[in-house]
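Student: Could you help me learn to read a protein structure? I would like to take one feature at a time.

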Amino acid sequence: MKRAPARGWPSTLAGIVLLALMLFPVYWMVNASLQPAGNVLRAGWFPVHPDLSGYATALRDQGRGLVTSLVVALGSTVLSLALAAPAAHALAHFRLRGGTFVLFGVLVTQAVPGIVVANALYGAYDDLGLLNSYTGLILADSTAGVPFAILVLHAFMRAVPREIIEAARVDGAGRLRVFRSVVLPLSTNALITAGVFTFLFAWSDFLFALTLNTTDTVRPVTLGIYQYLGAHTNRWNAVMATAVLACVPAAVLLVLAQRRIAAGITSGAVR
Amino acid sequence: MRSGSRRLPDRIARWGFLVPALGYLLLFFGYPIARNIAMSFQRYTATTFYTGAAPFAGLRNYADIVSSDQFPKLLLTTALFTAGSLAGQFVLGLALALFFHRRFPLGGVLRSLLLLPWLLPLVASGTTWRWMLDTDTGVVNRALRDLHLVSTGVPWLTGTSQALVSVILVNVWVGIPFNATILYGGLQDIPAHLYEAARLDGAGRLASFRHITWPLLRPVTGVVLVLGVVYTAKVLDIILVVTGGGPADATQTLATRSYELSFQQFEFGRGAALGNILVLLSLAFALVHLRANRRALNA
């Protein structure tokens, strides 16, 4: 009896209860989205007669916003990984003078509030004609993704043995070749982790969508929900249906990549 | 000479990997910070966008903000929001981490599903909470009434003293998974044989928590708390969606007020000044805490 007794199904039951409590708001969001339209939403505990009209309204009003969000989030993911992967490789494997300083700088960016960035970018974007543009929003949204991806990829790449890289160098591979054919394939897991997070950061962005858009040309779904709240509070079912649709990517990615997400939180925060 | 000429292109090649990211960080963090500092010393308002004129204003923006009647309340609300959120997230996150640290069937799956609140767009979950907390139709009040805990609806979002509690509650809910995950990682790193030894010495659960878990978790606790303050102090989405800073500015923090100044009153100079105060405060906290932590670890 030296081993700690493995807890059995009672703990599982307790765990399910805890999870149900934590996820109740998510359930309630889905429940509300299935109610019929009305000024006052008095949802029952269960959607006994599910009504999909909320989704019909949501897709009609916010369908474009969902596509916009997807484009922006994918753009930001590609940009963040393209910038972060080579940088993380350099920081992890080249003995660069000032490398530690750069890494410290990346950490400090985490403390910069988005509103400070938005405040300054608004004026600059106005001058450059980047307000109300996909490019502008993708670039701004990547302020969350780039530093995070550098931290996650750096933490991972540091564990890639230097000997492998040096062996490839001795065989005559150039730096670019080593990066492309040795480092990147070895880092697939970390790339997926970083990619999932940068996608979700950009998908969830609200602040930059709110501040760097003055028209409806580029209106991600998060901004759509917020404007709904102001204008259409009489159609709560549509508001909640939009919220549910906006949550789908997070739920799907969590199911597909649950281990990597937990690993990403830990390696991004505690290095 | 030859080795020098061979090394120089290689040095350029090595930096070539870093330069694009560095350039991005300078443009999207370095430049905004510099411009924000410059703007905070200017009278930068809506007219600036038409005339291009932003006259130098010295410290007037800062003086206006600091001397306003609102400022002490703004600081207090920010501090309460940050401290309240952090305390709730940390305690509940640690409790969940300890719970899931013990192995049981399906534990891993349940633990990852727990991450969902943290991953959802804040606007979506904030909207849900806003409706759940509605005085007349919200499910929270309905449950409280059904349990006979209250007779009349609690004005969660419209009462000046309740609103702050509500946004803290929502932010705690959002932050629990993050805290639980990092603390769980910390717990996993504590060698199991320490617990076995403690058990052999007759230590109970409480004693082994106090003498093994808590001290060995300290570095992780430090990280969670510093990150928590830095992340929480700048929270904007939740407050904007759930209460919009109201009622009567009861949930207005430095971050939301900075947004309001710049993007609703178009007082970009003052918005910038307030943003800078926020950055300074959270950096100061992080530095003080890191230093205290290092001293504690060295001692």
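Student: Let me start with residues 268-290 of chain B: what percentage of the chain there is helix, and how far apart are the end C-alpha atoms?

Tutor: This is a predicted model, in which local features need pLDDT of at least 70, side-chain atom pairs count only at pLDDT 80 or more, and totals for chains, interfaces and linings use all residues. Residues are numbered from 1 along each chain as its sequence is written, chains are lettered from A and ligands numbered from 1 in the order in which they are written, and side-chain values use heavy atoms, leaving out hydrogens and water. Helices (H or I, at least four residues) and strands (E, at least two) are DSSP runs, numbered from the N terminus. Residues 268-290 of chain B are 100% helix and 0% strand, with end C-alpha atoms 32 Å apart.

Student: Which residues of chain B does UniProt annotate as "transmembrane region"?

Tutor: A word on such records: positions are given in the numbering used here, feature names are shortened, and annotations may be inferred rather than shown by experiment. The unreviewed UniProt entry gives 12-34, 74-100, 112-133, 220-248 and 268-290 of chain B. Residues 220-248 of chain B are 69% helix and 0% strand, and their end C-alpha atoms are 38 Å apart. UniProt (unreviewed entry) also lists "domain: ABC transmembrane type-1" for residues 75-289 of chain B; that span is 75% helix and 0% strand, and its end C-alpha atoms lie 19 Å apart.

Student: And how many helices and strands are there in chain A?

Tutor: Chain A has 12 helices and 0 strands. Its C-alpha atoms fill a box of roughly 70 × 70 × 30 Å along the principal axes. The "transmembrane region" stretches that UniProt lists for chain A (unreviewed entry) include 134-157 and 178-203. Residues 134-157 of chain A are 100% helix, with end C-alpha atoms 31 Å apart, while residues 178-203 of chain A are 96% helix, with end C-alpha atoms 33 Å apart.

Student: How should I read an aromatic pair, and how are A:Tyr122 and B:Phe268 arranged?

Tutor: A pair of aromatic rings is described by the distance of the centres and the angle of the planes. Rings of Phe, Tyr and Trp (its six-membered ring) pair if their centres lie within 6.5 Å; planes under 30 degrees apart count as stacked, over 60 as edge-to-face and the rest as tilted. The structure holds 32 aromatic pairs over all chains. A:Tyr122 and B:Phe268 are stacked, at 5.4 Å centre to centre and 15° between the planes. This pair crosses between chains, from helix α4 (residues 114-128) of chain A to helix α14 (residues 268-298) of chain B.
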